[in-house]
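Open the model in your viewer and keep the selection tool ready. The stops below follow one another.

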Amino acid sequence: MLVVFAGAVVIAVFGLGIQLPGVVEQVAPGEVDSTPGFDNPGLRMIYPGRYEVYIVAQTWQFTPNEITVPVGSEVTFFLASKDVIHGFKIVDTNVNVMVIPGQISEFTHTFRKPGVYPFVCHEYCGAAHHTMAGIVNVVEE
Ligand code: CUA
């Protein structure tokens, strides 16, 4: 059984590209607005095909709640919460992280197919939790 479990982990990491979100940095919830990147949240191109996006999570919205990238783009996401625990799941991808107050959630995803990818908060965060969502537009160049 241990060999089977170890094999499943290896397949998940190298075959399916599943990665654990890294805790790269910490940020106090009250200091998100004055932290570089989160002080001006949004998408930035590092070079063609390579992007990073800073997203602020707070009850009950993501800022920004819509980004547009060309198909094939590799996008590194940085998320931080200004209040409670939120979640961040991009539909039809393997992106699924928690956004925990005090920590910056970082992960990278490559969008290989064009389309509209909704993202949602999937940690219950209060009365309007169900409205906390946005979209990634992946467009043909
Ligand atoms: Cu934020 Cu649920």
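**Stop one: Thr76**

Select Thr76: with 5% relative accessibility, Thr76 counts as buried (under 20% relative accessible area; exposed is over 50%, partly exposed in between; 1.4 Å probe, protein chains only). This is a predicted model, where local features need pLDDT of at least 70, side-chain atom pairs count only at pLDDT 80 or more, and totals for chains, interfaces and linings use all residues. Residues are numbered from 1 along each chain as its sequence is written, and side-chain values use heavy atoms, leaving out hydrogens and water.

Thr76 sits in strand β6, residues 74-81 (strands are DSSP runs of E, at least two residues, numbered from the N terminus). Now show side chains. Thr76 makes a polar contact of 2.8 Å with Thr108 and another of 3.0 Å with Arg50 (N or O atoms within 3.5 Å, one able to donate a hydrogen and the other to accept it; residues adjacent in sequence count only if both atoms are side-chain atoms).

**Stop two: the hairpin**

Move to β7 (residues 86-90) and β8, which pair antiparallel over four bridges (pairing takes at least two DSSP bridges). Pick Gly87: its bridge partner in β8 is Met98. Five residues lie between the two strands of this hairpin, and Asp92 in the turn has a positive phi of about 70°.

Which residues form the covered face of β8? Val97 and Val99 do; Asn96 and Met98 make up the uncovered one.

**Stop three: the sheet**

Zoom out. Five strands form an open, mixed sheet, ordered β5-β11-β10-β7-β8. Its edge strands are β5 (66-70) and β8. Finish at Lys89, opposite Val120 in β10.
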